[in-house]
There are 2 protein chains.
Amino acid sequence: MPSVETPATYRILDIGTVPAFIGSLPEIRALLGGPPEQWQVQEVGDGNLNLIFIVQGPVGSVCVKQALPYVRAAGASWPMTLERAFFEASYYAAVAPWVGGLIPRIYHYDRELYCTVMERLSPHIILRQGLIAGRRYPNAARDAGEYIARASFFTSDLARPFEHKMDGMALFARNQALVRITVELVFCDPYRVSERNRHTSPQLDQIVAELRGDSRLKVAAAHYGQKFLTDTQALVHGDLHSGSVMVTESDTRVIDPEFAFYGPIGFDLGAFLGNLLLSWYSQPGHATREDSRRAYQQWILEQAAVFWESFRRNFLALWAENAHGDVLPVSMFARAEEASTLEAARAAFVDGLFADMLGFAACKMIRRIAGFAHVIDFDRIGDAVVRAGCEASALAMARSLLIEPAQFRSIQDVLDAVPRMVRH
Amino acid sequence: MPSVETPATYRILDIGTVPAFIGSLPEIRALLGGPPEQWQVQEVGDGNLNLIFIVQGPVGSVCVKQALPYVRAAGASWPMTLERAFFEASYYAAVAPWVGGLIPRIYHYDRELYCTVMERLSPHIILRQGLIAGRRYPNAARDAGEYIARASFFTSDLARPFEHKMDGMALFARNQALVRITVELVFCDPYRVSERNRHTSPQLDQIVAELRGDSRLKVAAAHYGQKFLTDTQALVHGDLHSGSVMVTESDTRVIDPEFAFYGPIGFDLGAFLGNLLLSWYSQPGHATREDSRRAYQQWILEQAAVFWESFRRNFLALWAENAHGDVLPVSMFARAEEASTLEAARAAFVDGLFADMLGFAACKMIRRIAGFAHVIDFDRIGDAVVRAGCEASALAMARSLLIEPAQFRSIQDVLDAVPRMVRH
């Protein structure tokens, strides 16, 4: 039962109606091969907001993602605009020229059904699932860093005249429903009493109460909440955690950009880094007699460094070659001896992104432990005492990132701190 | 001869056609009284971009402002979108509920003629003219500070749910032509060789050449250029210098908001403060045997303090009463003992606006001396040597503001530095 007003042309697809819909699209029909009657359709969605169908034909397969007019996890009681599908399609279209094969191929967006037909990623799995399973994906962190560098650089005022960004802002400024979710669930609710919050109780009751009474922490979180709403550096994905990255041993794809808007680059960086750190802290909960997960934790930390260094290297390299924007214009530093000035100014800009990454990472970590939407990295830990121990350690790290930013000058500083924050 | 494509319904008004246009608007017709044949029309525009008509009837009078499709000062060779009239009208509409009598009453906006019919301000004069004449306006600085506080606070994420701001951003993100002017003329051209630049030559040749070779200065200016494009704190006027304020002894009105966009609050603060400082440095050029202007300079400095203190006091008072936005939400600091935390965080936010104000003030000062569009405060100084001396002092102050920000912790620090920067 739809809970927001839906256009008359909208209807919820099911495995019975998907073939007729796809059959009306000649290019996709050709891609699948055979007549629609031969196609096999499965609904595989496990997310909060959408239906996901896999359509398998004799020749090929596609993925069909349709927005539902409510938050699936909350049932029809939490209505959710369908327009997010349009913003997701708009984001893919905006970054596609810049990010190469790091997103799925998009075949079709249907404005009436709020539905995207895209490449079926196989045998990819969600990175978060792989991290819980203790599997290593040698390229994932490097690719994620490159992805954010490319997507954010080319949609920023560093790369292109600001008019491109303002055109995009005019469009994505309409994606208010999903920005509202982030504002409340990431930057507000975890720091106040709210019916939507939950935490491992009673084990974390005291720690969560302390967090909600910690003025310095809350002012720092509010500072990042403000930055989220006012620092329109680039088109950002808006939800780039390890559940929005699909991987194989060699391939990486970023998915689910429906939270896209113009915001701080550090928000995407922090989402990915924060979720790597959550994974690190969750590992004891997934240890077995055979595998303590210690070596795997070390690998995760290395990936955090790989991620940041990949972002930094790619971002600066793109800037060196594509400085056609209005921020730090090359024409102001045109003399040969000013090359080093420009280089230093760009490095300082990237240092600012590093600091933002840590602040946003902390906010993302806290919301997953003290807020509404948790992560399966922790939720899959059956023993509440073990889980609470992991979560308490992650909270300690997040707190340090937020209130002692001067302690973290380099990614190495972060890596060094992670094990120190483990609470026993 | 229009130089941009204009809609078929657009035509340039003149004193012959204004009465028929106004005559078609019943409310304004009533306000003027009598039949259109009795109205007297004068064109009084001396700005760069628009026609300004004063229409006087037997009962009342109005002002008619029409956008031209080119920059008047540059002739038809510099085309300029008419849409700026729409953004001006949109800005007035957005701030009118909040700023009381500090803007003119707006009677009508005509979308076909790109024309606003508004209150005729009389006997008001442009504040800049008054400052050149050495006249004192006891309320102007206080009112300007209150104006910026009200207009910016209520259009920010501090006052209202962010959706209001995003709606506004979707609209004002189209005002690209005028933002383009600011980006180039304020933040780029003065710092590079450009045909559009001019300066008092040869007296300032050396100083301007040094400025264009000063890496620290340019990096600081570029930082504010970036902030201008990415820090969407509030709906800002975009051109709030002393030429955009009309005054009498008791009344103050802010006009000409066609550069309006969502940007940093410090940009409006800096425009006003920077132009007060330019006025201060220009005063020796307007001294006479009878009046050295020393006492008047002291008054100007006092007004700079009055301006900032008025802004600060009003902004914090509005925040205390109207914190209904998503930034620093009160619900996160709900316990009684957290009132002081919230107060300190708000004060820190305003400290950030102070720093921004100084940086933007410096950029605005430099562009008026080394860029395209100068101010009559200096241009009216006939003796080039005297003028160059005044301008060199102002440039020294601007440079100090940009590269030694730590020297300026309070408005008193600024006032103390102003006379020290005089070059003899």
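Analyst: Two residues are in contact if their C-beta atoms, placed from the backbone, lie within 7 Å. By that criterion, 36 residues of chain B are in contact with 36 residues of chain A. The elements giving two or more residues to the side of chain B that touches chain A are helix H6 (162-172), helix H7 (176-187), helix H9 (215-230) and helix H12 (339-370) of chain B. Here helices (H or I, at least four residues) and strands (E, at least two) are DSSP runs, numbered from the N terminus. H9(B) provides the largest share of that side, 8 residues. Sorted by class, the side of chain B that touches chain A has 19 nonpolar, 9 polar and 8 charged residues. Ala, Val, Leu, Ile, Met, Phe, Trp, Tyr, Cys and Pro count as nonpolar, Asp, Glu, Lys and Arg as charged, and the others, Gly among them, as polar.

This is a predicted model, in which local features need pLDDT of at least 70 and side-chain atom pairs count only at pLDDT 80 or more, while totals for chains, interfaces and linings use all residues. Residues are numbered from 1 along each chain as its sequence is written, and chains are lettered from A and ligands numbered from 1 in the order in which they are written.

A rotation of 180° with 0.0 Å of shift along its axis superposes chain B on chain A, with an RMSD of 0.0 Å. That is the relation of a two-fold axis. In chain B, the C-alpha nearest the axis belongs to B:Ala170, at 1.9 Å from it. The superposition is by least squares on the C-alpha atoms of residues with pLDDT of at least 70 in both copies. Of the interface residues of chain B, 100% are also interface residues in chain A, so the copies meet through the same surface.

H12 also has a partner within its own chain, described here for chain A. The axes of helix H12 (residues 339-370) and helix H14 (residues 384-403) of chain A come within 8 Å and cross at roughly 150°. That makes H12(A) roughly antiparallel to H14(A). Axes are lines fitted to C-alpha atoms, for helices over the stretch in contact, with angles from 0 to 180 degrees between N-to-C directions; angles under 35 degrees count as roughly parallel, over 145 as roughly antiparallel, 65 to 115 as roughly perpendicular and the rest as oblique. Residues of H12(A) including A:Leu358, A:Ala362 and A:Ile369 meet residues of H14(A), among them A:Glu391, A:Leu395 and A:Leu402. By class, this contact has 11 nonpolar, 1 polar and 1 charged residues.

Chain B also has an open sheet of 3 strands in the order E6-E8-E9, with antiparallel pairing. Its edge strands are E6 (125-126) and E9 (252-254) of chain B, each pairing on one side only. Two strands pair if DSSP finds at least two bridges between them; strand E8 (residues 245-247) of chain B and E9(B) have 3 bridges. B:Met246 has B:Arg253 in E9(B) as its bridge partner. Helix H5 (residues 140-154) of chain B lies across E8 and E9 of chain B, at about 40° to E9(B).

Two peptide bonds in loops of chain B complete the account. A cis peptide bond joins B:Ser122 and B:Pro123, with omega about 10°; B:Pro123 is found in the loop between strand E5 (115-119) and E6 of chain B. Another cis bond joins B:Ser201 and B:Pro202, also with omega about 10°, and B:Pro202 is found in the loop between H7 and helix H8 (205-212) of chain B.
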